[in-house]
Amino acid sequence: MSALTELPNIGPVLADKLAAIGVETHADLAALGSVEVVVQIKEEDTSACYNMLYAIEGAILGLRWHAISKADRAALKERFDGAKQY
């Protein structure tokens, strides 16, 4: 299985979705950023959601998504909502 599954919040299903868009390492994930990653996933998979966004941000930061402050989650949500999603 992908080394991505060793990161917090990334299980096999999400790792497969990441691989489908060419993200295979933490460096790939960090380079794109959580918003862009979820935008790309959403182009092919309508199940992409805010929880996935928070999970990926947490994986980039090395922590469980629950530890991301409400203010930071709100800022991520706002950036995601403003990003191209189609």
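**Exercise 1. Is Phe 80 buried or exposed, and what is its relative accessible area?**

Solution. The model is a predicted one, in which local features need pLDDT of at least 70 and side-chain atom pairs count only at pLDDT 80 or more, while totals for chains, interfaces and linings use all residues. Residues are numbered from 1 along each chain as its sequence is written, and side-chain values use heavy atoms, with hydrogens and water left out. The scale for accessibility calls a residue buried under 20% relative accessible area, exposed over 50%, and partly exposed in between, with a 1.4 Å probe and protein chains only. Phe 80 has a relative accessible area of 4%, so Phe 80 is buried.

**Exercise 2. Classify the aromatic pairs that a search of the whole structure finds.**

Solution. Step one is the criterion: rings of Phe, Tyr and Trp (its six-membered ring) pair if their centres lie within 6.5 Å, and planes under 30 degrees apart count as stacked, over 60 as edge-to-face and the rest as tilted.

Step two takes Tyr 50 and Phe 80, whose rings stand 6.0 Å centre to centre with 80 degrees between the planes, an edge-to-face pair. Tyr 50 belongs to helix α4 (residues 50-61) and Phe 80 to helix α5 (residues 70-82), so this pair ties together parts that are 30 residues apart in sequence; helices here are DSSP runs (H or I, at least four residues), numbered from the N terminus. Tyr 50 has a relative accessible area of 30% and is therefore partly exposed.

Step three takes Tyr 54 and Trp 65, which are stacked because their ring centres are 6.1 Å apart and their planes lie at 25 degrees. Tyr 54 sits in helix α4 and Trp 65 in the loop between α4 and α5, 11 residues apart, and the pair links distant parts of the chain. Tyr 54, with a relative accessible area of 10%, is buried.

**Exercise 3. Describe the length and surroundings of α4, and what follows it.**

Solution. The expected span of a helix is 1.5 Å times one less than its number of residues; for the 12 residues of α4 this gives 16 Å, which agrees with the 16 Å between its end C-alpha atoms. Nine of the 12 residues are buried, so α4 is largely enclosed by the rest of the structure. Among them are Met 52, Leu 53, Ile 56 and Ile 60. Contact means heavy atoms within 4.5 Å, and what covers the buried residues of α4 includes α1 (12-20), α2 (26-32), α3 (34-44) and α5. After α4 comes Gly 62, whose phi is positive, near 80 degrees.

**Exercise 4. Which side chains meet in a salt bridge, and where do they lie?**

Solution. A salt bridge requires a side-chain nitrogen of Lys or Arg within 4 Å of a carboxyl oxygen of Asp or Glu, and by this rule the count comes to one. The partners are Asp 45 and Lys 17, at 2.3 Å from N to O. Asp 45 is in the loop between α3 and α4 and Lys 17 is in helix α1, so the pair ties together parts that are 28 residues apart in sequence. Asp 45, at 19% relative accessibility, counts as buried, whereas Lys 17, at 21%, is partly exposed.

**Exercise 5. What is the phi of Asn 9, and where is Asn 9 found?**

Solution. Asn 9 has a phi near 75 degrees, a positive value in a residue other than glycine. Asn 9 is found in the segment before α1 and, with a relative accessible area of 15%, is buried.

Conventions: Helix = DSSP H or I, 4+ residues; strand = E, 2+ residues; numbered from the N terminus.
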